[in-house]
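Q: Please take a close look at the place where the two copies meet. Which parts touch there, and how are the copies related?

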There are 2 protein chains.
Amino acid sequence: MKVLILGGGGLIGQKLAKSLAKRGTLRGAPIDELVLADVNDPADVAAPFAVTRIRCDISDPASVASVIDADTDVIYLLAAIVSAHAEEDFDFGYKINMQGTINALERCRALGTRPVVVFTSSIAVFGGEVPQPFTDHSALNPQISYGAQKAIGEILLNDYTRRGFVRGRGFRLPTISVRPGKPNRAASGFMSSIFREPLQGQPANCPVDRDFPHFYLSPRKCVQNLIKGAELAQEDLGKTPTMIMPGRVWTIGQMIDAMTAVAGPEPAQLITWNPQPEIDDILKGWRMDIRPERAAKLGLEADSNFEENLRYFLEDDVAG
Amino acid sequence: MKVLILGGGGLIGQKLAKSLAKRGTLRGAPIDELVLADVNDPADVAAPFAVTRIRCDISDPASVASVIDADTDVIYLLAAIVSAHAEEDFDFGYKINMQGTINALERCRALGTRPVVVFTSSIAVFGGEVPQPFTDHSALNPQISYGAQKAIGEILLNDYTRRGFVRGRGFRLPTISVRPGKPNRAASGFMSSIFREPLQGQPANCPVDRDFPHFYLSPRKCVQNLIKGAELAQEDLGKTPTMIMPGRVWTIGQMIDAMTAVAGPEPAQLITWNPQPEIDDILKGWRMDIRPERAAKLGLEADSNFEENLRYFLEDDVAG
């Protein structure tokens, strides 16, 4: 079993690699090799199998061909640039998020080996006047270019799967929080930083009100779901391999209350409340009555509560 | 007012050109020039304004640049290869139907002139396990590559419109019947030929049962809707410029009864009833409870009945 993580240097890619290293198996078979490919050198991960780290520019077909070969059994297609970045740089967003996905799928088709492809889409595919609740069968109607690029990726994944070129499964990720490390350029970045920084004694800014609701999942549960996602039987996916990954809706206020329950009152006092006009346009289009019914039936899971999510962060990222 | 029809040599392109020639105006302004661009030389159309006919390969950005210039006010993006052809030739389908659409939109973006772009999508964007009825807000879940390519076109049209690069409006066309001329490679081809040929004394084959339902629109009403579509105010399109074009569901039996009412019993006797396994896979995925609510509210129209549709064919195509 040879597993490739495209985007293997990113937050989810690295946590997935560590989790695979701990398990040693995927889809019922021992992992022989894990390839971590990313635009920058991915960090190493200690594992009981070979770990190969490669630079890969997903927008370049030759570079993609160098990391996907006939032995690659499972591909995690996580590489992407995030929402605010794709909104800022139209060309670069399409180059990485659309053309990159095309390049990976085309490479699989050329090989003829029908690998499992786990694709991460986003709840940003929903929006506009489409009525809530958003279900697995709601219209794709993104209101940001990042969402458009992910929606196109979903449609391609579905078509390449139907045609027998890959065994695709796509998951529309909730906003991942609490993200460790440095802020990225996602409009949702503050949804991690207002917990990550204060829990480590640093200030952070929240540009929205306490009653701002959003749809969240912890990195730990996301990785569990991505592993489960690779292991699903193709016949359980029917004619629609992409679905919403489970998450839960919380308001900022509920999450801050959870932080206070877990870590006392001091962290919340480190939060400032200044508006950021540059992300308002992105945030105002989001509605959050999201029903991840298909994934829940297939055994994927959300966090039980946000306190649990915060404890995962302290265990996995602060303590480690 | 300079109007371009990409696909100006096709059935709808030619009828649209004739209709524009008769009107002389679009969006309240006199038409100065109509450009008919197609992969083969488009037939000429007599008009009270200049008609330019150009060969254009929509899959080639330079060729697209040669037909869209800074004076182009309205672009009809009709060029496409049809369902069975796109299913048979995966590469060619994506090249024409996806990359061709990208090329046209990218040319508009490079010019910075924000033309009106009328894009023809298809009810083939619907399918799979998505529950009926199919509304303007149902999931895009195509089960043929042609539908996938049209769904991608919709998402791009929406994003390019939102970003202010074009003033897009997309319409998911019903199956157009009765189509004049020669059969094309659409899986739905028989839905025209079983009327077109018998009404002109020729035999034709029907590969499905009398109770097979489908969603139809006459060429005449389609052209009326495309003209209306170009004239809609952008603010009436909201955050979802693509919608279902009105049509009506009839069974083959109802349509044959309409033919008998219009032309007597002889034509129906010229129909043979042999299955065609090569189109079964395409047809079996189609469901037809389709509700074109947004377009109906905006004043687009279906045929009142199939007899009317057959009379349009006799008036517009057989008599003429």
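A: Here is the meeting of the copies, step by step.

This is a predicted model: local features need pLDDT of at least 70, side-chain atom pairs count only at pLDDT 80 or more, and totals for chains, interfaces and linings use all residues. Residues are numbered from 1 along each chain as its sequence is written, and chains are lettered from A, with ligands numbered from 1, in the order in which they are written.

Now the surface. Of the interface residues of chain B, 96% are also interface residues in chain A, so the copies meet through the same surface.

Next, the helices (DSSP runs of H or I, at least four residues, numbered from the N terminus). Helix α5 (residues 145-162) of chain A packs on helix α5 (residues 145-162) of chain B. Their angle is about 180°, and their axes are 10 Å apart. Axes are lines fitted to C-alpha atoms over the stretch in contact, and angles run from 0 to 180 degrees between N-to-C directions. That makes α5(A) roughly antiparallel to α5(B) (an angle over 145 degrees).

Contact means C-beta atoms, placed from the backbone, within 7 Å. In α5(A), the contacting residues include A:A148, A:I152 and A:I155. In α5(B), B:L156 is among them.

How values were computed: Two residues are in contact if their C-beta atoms, placed from the backbone, lie within 7 Å. Helices (H or I, at least four residues) and strands (E, at least two) are DSSP runs, numbered from the N terminus. Angles under 35 degrees count as roughly parallel, over 145 as roughly antiparallel, 65 to 115 as roughly perpendicular and the rest as oblique.
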